[in-house]
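Subject: Structure for you to look at

Hello,

Here is the structure I said I would pass on.

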Amino acid sequence: MNRHIKKVAVLGSGIMGAGIACHFANIGVEVLLLDIVPKEPNDLEKKKGLDTTHPAVRNRIVNTNLAAAIKSKPAPLYHPSFKARIQTGNFEDDMTKLAGVDWIIEVVVERLDIKKLVFEQVEQHRTPGTLVSSNTSGIPIKFMNEGRSKDFQEHFTVTHFFNPPRYLKLFEVVPGPNCKPEVVDFLMDYGTRFLGKSAVLAKDTPAFIGNRIGIFCIQSLFHQMKPMGLTVEEVDKLTGPVIGRPKSATFRTVDVVGLDTLVHVAKGLHENCPDDERRESFVLPDFIQTMMDEQWLGSKSGQGFYKKIKDKEGKSEIHVLDLDTMTYRSKKKVSFATLEKTKKVERVADRFPILINGTDKAAQFYRTVLGETFAYVQYRIPEISGVLYQIDEAMKAGFGWEHGPFELWDAVGLTEGIALIKEAGHEVAPWIETLAATGAKGFYQLNENKPHYYNIEKEKFVSVPGQEAFIILDHVRDNKTIWQNKECSVIDLGDGILNIEFRSKMNTIGAGVLQGINKGIDLAEQGYEGVVVGNNGANFSAGANLGMIFMLAVEQEYDELNMAIRYFQDTMMRMRYSSVPTVAAPHGLTLGGGCELSMHADKVVAAAETYIGLVEFGVGVIPGGGGSKEMTLRASDMFRKNDVELNVLQEHFLAIGMAKVATSAYEAYDFSILQKGKDIVVVNGKQQLNIAKQEALLMAQRGYTQPIQRTDIKVLGKQALGMFLVGTDSMEAGHYISEHDQKIANKLAYVMAGGDLSQATQVSERYLLDIEREAFLSLCAERKTLERIQHMLKTGKPLRN
């Protein structure tokens with residue numbers, strides 16, 4: 001059956017239900033969101049004379065929940081307008097509409113009796129063949145299936161989203177015992193290709209994969225830390241970015257999620273996993289029970305492992321819970337010699353051999369925690385999953401780990417991992433000993449640039465399925481790099497397409513990256529079909545190398561600075577005007593120079609989660625790498641007969657002047673950073689480079705001709721300049737902006753007006769680039785600009801002066 005999803009019904013509008021509804025709306029699906037009818041009107045409704053027959057009352061719960069979800073941060077929708085794709089209703093009036101949907105997702109409270117009542121209603125109205133799934137996090141399918149028809153059971157699964165559904169990529173598909181294989185295959189593909197998830201096939205076991213492993217790791221850590229004499233802030237230092245985990249690490253994450261949520265899952269695992277060899281790890285330590293008794297649940301209760309207080313001067317300060325005294329105290333500075341040794345090690349995987357071989361408390365912590373983790377995951381196959389790579393994917397997508405547990409084991413080495421298990425006092429699983437006896441170095445290996453994993457059942461390495469849709473640069477870099485320097489690589493992706501990969505810190509754009517961009521385009525013009533600029537890092541690019549700009553400006557090397565900015569501008573123009581198509585693949589943070597590069601590519605293939613903008617105002621300058629020119633050009637292209645051209649120009653001016661950053665690639669269209677009809681958005685970031693490659697290839701195959709530089713950009717001269725200067729003067733007089741902010745804004749106004757021309761005139765890109773560069777250089781000579789740049793380099797945050 002060629003199945004298509006045009007409309008889904010989400011039953012239950014709580015935090016998860018509303019979030020799931022929003023994410024389906026994100027990808028263009030029509031959504032029917034239903035919830036219960038209130039028992040009676042609230043006080044406001046009674047004042048209005050409304051009763052339970054009025055639609056506003058009957059749909060109050062679902063409408064209130066959806067409105068709260070849309071207002072929440074981070075935003076569940078890629079764009080506010082996507083709300084129009086969600087229709088609301090209730091279980092009493094609108095269940096008949098289920099006959100017209102393609103997929104019904106149950107997200108009601110975690111009570112079997114209530115779920116069974118809902119499924120009974122679903123059975124009455126669904127069209128045979130319609131997909132039905134539950135977002136339960138632990139109720140066995142066999143109980144939810146009871147009393148349901150054969151067709152219902154054949155199309156029923158658990159589809160477990162993680163919260164928040166837009167941002168966490170794990171999508172666990174758990175088929176029922178009678179579910180058709182083609183239904184499972186469809187959901188796995190749909191989760192990956194349409195929802196942008198890491199779809200993982202799990203077995204119907206308590207907490208499935210992600211929460212089973214994740215909660216064990218947290219509970220095991222709870223039990224280990226006090227005997228090791230570790231504090232809350234020490235553990236968070238040890239379990240954060242240094243090992244490829246989120247900044248919230250362990251205890252901040254628990255505070256955000258809610259301690260009660262973690263305790264609920266841990267108790268469920270203890271009750272429902274009688275044969276788990278580590279069952280006692282799910283028993284709550286005394287300090288957790290005390291926190292539950294005191295209702296110190298985290299952010300939702302105002303205090304958890306951390307608590308925000310105000311000092312005598314009214315300044316906020318974060319205090320931390322002392323687990324020995326169970327009182328809050330000031331945080332202490334954390335420092336470990338082992339961590340110091342890893343500071344210059346860029347790749348997270350390369351840090352682990354250092355971390356476990358130190359002599360301090362930190363090294364002992366890592367040896368113990370890794371030993372416990374390895375000992376646990378080795379016995380979860382085939383219990384929770386038949387293949388080890390699914391466990392790694394679940395932990396990366398659901399918990400934000402950079403490396404899954406078997407990948408971590410590979411990082412320390414197979415034999416060293418076995419030693420850690422024994423050191424922790426646990427037995428090694430027979431299949432691990434079988435693997436070690438083969439002489440294998442780990443659980444993964446590359447064969448012909450494709451990842452293979454050790455299949456326990458077959459006792460050999462087999463290809464990880466589904467990888468043909470992805471381009472992972474780590475897998476091809478060693479064999480396919482045709483040019484490189486310290487900051488940039490040019491990699492042959494095959495089929496005549498080269499990829500230019502930034503490898504500088506935060507992928508900032510300095511001399512080495514600019515050299516790499518030019519070299520990549522040169523090579524492509526000599527013997528290839530096209531160029532992609534992309535990487536697999538956390539962020540596309542944090543912008544230009546401010547350190548270089550600061551150094552030249554402080555030393556007043558203005559000629560060199562002028563040449564450096566000219567080189568940057570020329571490189572951006574090279575992206576636009578070369579004899580091969582160029583495609584930019586931005587994702588994550590794409591700021592300043594990274595945004596300018598994207599705006600100059602022939603096409604942008606942006607990940608949906610792209611946070612892009614021209615933010616140079618924050619460091620006291622205007623976009624100097626072609627961004628100010630490009631915004632002026634794009635405003636000119638939007639001028640229409642009888643339109644107020646000044647209004648269009650002002651919108652583009654404010655996008656720079658307010659340092660606007662799009663919260664998704666879709667919002668970037670509003671700022672004219674992405675262009676409709678030219679640039680595209682992909683939801684699954686893993687597929688981005690492959691799609692970018694195909695787009696470059698398609699442009700080449702259609703017959704690509706180098707564009708002609710523009711000389712027809714309409715600028716408004718004094719008419720626009722006067723309007724901008726009056727506006728900035730009023731803002732400064734009203735103390736909305738500083739005197740220095742006004743100076744920056746006036747420089748930008750001069751560039752975007754095309755100078756003080758007496759009338760509207762058509763100018764060239766080169767003309768605008770020259771006055772843009774002149775304005776940029778003049779601002780670099782300002783003391784306050786240098787203070788802002790220095791502050792940004794030290795703190796990573798903008799300074800207002």
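Alanine 249 sits in the loop between helix H10 (232-238) and helix H11 (251-257). Helices here are DSSP runs of H or I with at least four residues, strands are runs of E with at least two, and both are numbered from the N terminus. The model is a predicted one: local features need pLDDT of at least 70, side-chain atom pairs count only at pLDDT 80 or more, and totals for chains, interfaces and linings use all residues. Residues are numbered from 1 along each chain as its sequence is written, and side-chain values use heavy atoms, with hydrogens and water left out.

Alanine 249 is not a glycine, yet its phi is positive, at about 50 degrees. Is alanine 249 buried or exposed? Its relative accessible area is 11%, so alanine 249 is buried. Buried means under 20% relative accessible area, exposed means over 50%, and partly exposed is in between (1.4 Å probe, protein chains only).

Methionine 506 also has a positive phi, near 60 degrees, and is a residue other than glycine. Methionine 506 lies in the loop between strand S17 (497-502) and helix H22 (511-527). With 45% relative accessibility, methionine 506 counts as partly exposed.

The bond joining lysine 73 and proline 74 is a cis peptide bond, with omega about -5 degrees. Proline 74 is in the loop between H4 and S3. The peptide bond from isoleucine 381 to proline 382 is cis as well, and its omega is near 10 degrees. Proline 382 is found in the loop between helix H16 (361-377) and helix H17 (388-399). For background, most residues other than glycine have a negative phi, and most peptide bonds are trans.

Helix H4 covers residues 60-71, twelve residues in total. From its first C-alpha to its last, H4 reaches 16 Å, close to the 16 Å expected at 1.5 Å a residue; the expected span is 1.5 Å times one less than the number of residues. Which residues of H4 are buried? They are Arg60, Val62, Leu66 and Ala69. The cover over the buried residues of H4 includes helix H1 (15-26), strand S2 (30-35), helix H2 (43-47), helix H3 (55-58) and strand S3 (86-90).

Arginine 85 is in the loop between H4 and S3. It is partly exposed, with a relative accessible area of 29%. Neighbours within four places in sequence aside, arginine 85 is in contact with Ala25, Asn26, Ile27, Gly28, Val29, Glu30 and Val31, where contact means heavy atoms within 4.5 Å. Arginine 85 and isoleucine 27 are 58 residues apart in sequence, and their C-alpha atoms are 10.0 Å apart in space.

**The whole protein**

The protein has 33 helices and 25 strands. Its radius of gyration is 29 Å, close to the 28 Å that the globule rule gives for 801 residues, so the protein is as compact as a globular protein of that length. The radius is taken over C-alpha atoms, and the globule rule is 2.2 Å times the number of residues to the power 0.38. Along its principal axes the C-alpha trace spans about 80 × 75 × 65 Å. Of the 801 residues, 55% are buried.

Regards
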